[in-house]
Amino acid sequence: MRVRLTRWRYRVTGSGAFAAVADGLDAAFVETVRRTGASIGALYLLAPDEQVLCLDVLYGAPADFAAPWARVPTAAPAPVADAVREERLVWVGSQGELARSYPRTAVALPYPLSLAAAPVTGDRTWGALLLMWPATRPPRMTRREESHVAAGCRRLARLLEEALGNGKPPAGDEPPRVLPVATAEGRTGPAMAAADFAERLPGGSCALDLEGRFTYLSAGACELLGRDADRLLGTLPWQSLPWLDDPTYEDRYRAAVISREPVAFTACRPPDRWLDFHLFPDGSGISVRIVPNGASPPPSPAPHASARSAAARSAAAPSAAAPRAGRLYQLTHLAAALTEVVGVQDVIDLVADQIMPAFGAQGLVLSTAEAGRLRIIGFRGYPVEVIERFEGLPLDTSFTPAGRALTSGIPAFFTTPEEMRRIYPEAPQISGKQAWAFLPLIISSRPVGICVLSYDEPREFPAEDRAVLTSLAGLIAQALDRARLYDIKHELAHGLQQALLPRDLPTVPGLGVAVRYLPATRGMDIGGDFYDLIRLGDTAVAAVIGDVQGHDVAAAALMGQVRTAVHAHSAAGTRPDTVLSGTNRLLTDLGPDLFTSCLYVRLDFAADLATLASAGHPPPLLRRPDGDTRPLDVPPGPLLGIDPDAAFPVTEIPFTAGLTLLLYTDGLVERPGLDLDDAITALTGHLARADEQDLGALVDTVLSKAGVGAQRLDDVAVLALRRTG
């Protein structure tokens with residue numbers, strides 16, 4: 001069971017038991033990270049709807065590094081999502097393994113590393129713990145390390161439960177907290193000696209914290225960089241030194257922080273002085289050596305003024321501007337995510353869960369253009385009554401800038417309510433927002449819709465943000481257009497399939513029936529599996545199950561043709577082999593290029609007899625009243641639609657009171673890397689051990705034990721028949 005709670009932020013300030021628990025939680029989190037030897041740790045908590053994991057605490061890296069993963073949908077292909085969804089430890093031992101298993105995550109983390117994600121679970125699932133190590137560690141976790149991670153997660157879960165028990169935590173969607181990396185104490189004396197040591201080295205030496213700010217510069221470094229220490233301390237190199245304002249150089253710093261491995265790069269200080277930068281990171285920051293490119297170190301350092309005073313000065317406040325490399329990785333991550341969305345709701349969820357937080361927005365309205373009007377398909381951060389006021393407005397409305405932005409194709413940005421009110425006087429009053437970005441979604445000059453991001457406070461939109469948002473709007477437009485087309489095709493195919501499958505199976509005296517059908521979750525969520533129960537007079541019935549190759553409209557259409565053919569041949573009361581032969585000849589004549597497996601069972605209640613014939617279908621299972629269960633030996637003929645003259649051997653077995661037949665399609669037993677015979681043996685055991693008297697409950701138990709979950713590579717159809725008298 002997972003907890004449903006308001007998104008909350010535990011605080012280390014305050015009084016009473018809750019503050020003490022919060023302190024303990026922080027300490028437990030940091031201790032878990034250190035005890036496992038990880039360089040970076042992150043704690044995610046489930047949002048109230050349990051659909052999103054929210055980054056709550058970060059250790060060992062700046063907050064902007066985690067921006068692409070601040071909110072991770074639980075259905076996303078990401079390590080923390082898999083850990084929560086599958087309730088298991090996820091281990092990724094190398095960058096190559098990350099690229100193979102989680103390509104979207106690898107796009108935003110192109111550095112050598114290892115990582116683990118584990119569910120934080122006690123009496124309930126609270127979220128997930130993410131740990132990262134440098135790539136220098138062994139590629140596999142030991143049992144001892146796994147036990148450390150599991151114990152840490154259990155401790156965090158207990159503290160979270162204790163925090164909830166001490167009163168309802170405050171709610172809010174605040175940015176993740178970054179816990180400081182503790183450093184050794186008592187360094188006042190040695191620090192001065194270290195500064196003197198750095199001054200004596202050739203070239204220049206400087207230090208950066210994990211945020212990238214200068215915390216120390218030797219006089220040699222100041223000379224090579226061409227700027228005094230007073231102007232550099234507390235600043236980011238790519239902001240205080242224009243010639244380092246290149247995402248390539250910032251990326252080297254990010255690589256050092258994430259991988260904890262030395263990196264190097266060469267940069268040109270204008271007009272023509274090339275410098276080599278060597279970065280040596282650890283958990284507290286980065287040491288940097290700067291030497292002229294290609295020059296041999298001087299035999300002895302030139303005399304420099306002491307840098308003690310510069311080292312002792314406090315750092316200036318960091319700039320609020322986001323690093324460009326970080327924004328590029330964030331945009332790349334979002335672009336990769338948009339290529340993976342399937343339906344319209346997926347697009348809405350991704351924009352809300354990842355793009356809104358990335359740009360600090362508190363409101364979202366996503367609309368499409370239909371018949372000259374704006375149709376809202378998704379929103380966040382607005383009351384329903386406000387959305388109703390904007391629903392269905394004409395494109396030429398003067399009520400909101402959305403229509404004009406969509407028809408003109410030009411984005412509109414409003415930084416304050418006054419700026420909006422000058423042109424659209426009613427919009428700010430109704431929405432209650434303070435700043436807006438109206439992003440038209442255009443594909444090849446064709447308007448698809450509009451995405452509106454809004455803010456609770458006035459906000460400036462720098463040129464860089466406007467450019468990124470405009471580019472992102474183009475990606476959203478393409479994703480939304482594909483998603484709408486998918487939804488239309490899916491609704492058509494799903495409707496076709498539902499029309500072709502039987503709505504209700506007939507009630508047959510003396511026969512208990514239970515059926516389950518689960519379409520594949522890949523492709524179009526439809527398939528060619530089919531089943532039927534056909535009355536053959538007063539004392540007989542035919543049960544049919546089959547599987548048409550594919551998971552698309554063609555498979556669903558052929559399934560309908562096969563089912564119709566089986567019905568037609570069964571109506572004459574013919575034997576199972578004759579029914580399959582007639583259906584086979586029809587499919588061979590049609591030449592659909594798709595093959596079909598089928599199992600036909602004729603149950604004769606007067607003779608207590610079951611007659612079976614198979615066209616390449618998995619064998620049914622027979623369970624006796626005492627629980628003894630075995631697969632039936634039904635010699636299969638070829639698949640339908642291959643050989644018009646194929647023969648289908650017939651098998652007869654007694655079918656008396658208390659016997660249960662389980663018919664199923666291959667989606668229930670086929671798994672990558674699993675032998676089919678072993679899978680059927682395992683399924684036989686599941687059916688034998690199921691003790692439910694209700695036939696439907698028995699089928700559900702078998703499905704659960706067989707590992708049929710929310711994600712399915714193939715359709716699954718099960719038809720259970722029990723002789724009751």
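**View 1. The largest cavity in this predicted model holds about 310 Å³ of space.** A cavity here is a set of points, on a 1 Å grid over the protein atoms alone, where a 1.4 Å probe fits but cannot get out. Grid points are joined across faces, edges and corners, and the volume is the space filled by probe spheres set on the points. Look for 28 lining residues (those with an atom within 4 Å of a point), with Y44, W69, T105, L130 and M132 nearest the centre. Strand 1 (40-46), strand 2 (52-59), strand 3 (71-73), helix 2 (79-86), helix 4 (103-108) and strand 6 (125-134) each give two or more residues to this lining, and strand 1 gives the most, with four. Helices (H or I, at least four residues) and strands (E, at least two) are DSSP runs, numbered from the N terminus. The lining splits into 22 nonpolar, four polar and two charged residues.

As for the ground rules, residues are numbered from 1 along each chain as its sequence is written, and side-chain values use heavy atoms, with hydrogens and water left out. Since the model is predicted, local features need pLDDT of at least 70 and side-chain atom pairs count only at pLDDT 80 or more, while totals for chains, interfaces and linings use all residues.

**View 2. The second largest cavity comes in at about 190 Å³.** Its lining has 15 residues, and V365, F390, T400, F438 and V452 sit closest to its centre. Among the elements giving two or more residues here are strand 13 (363-370), strand 14 (373-380) and strand 16 (435-443).

**View 3. Helix 21 (residues 676-689) packs against helix 22 (residues 695-705).** The angle is about 140° and the axes are 9 Å apart, with axes being lines fitted to C-alpha atoms over the stretch in contact and angles running from 0 to 180 degrees between N-to-C directions. That makes helix 21 oblique to helix 22, a label for angles that are not under 35 degrees (roughly parallel), over 145 (roughly antiparallel) or 65 to 115 (roughly perpendicular). L683, H686 and L687 in helix 21 meet L698, V702 and K705 in helix 22, where contact means heavy atoms within 4.5 Å.

**View 4. P270 and P271 are joined by a cis peptide bond.** Omega is about 5°, and P271 is in the loop between strand 10 (263-269) and strand 11 (273-282).

Technical notes:
1 Å grid on protein atoms, 1.4 Å probe; cavity = no way out; pocket = protein on both sides within 12 Å on 5 of 7 lines; lining within 4 Å. Nonpolar A, V, L, I, M, F, W, Y, C, P; charged D, E, K, R; others polar.
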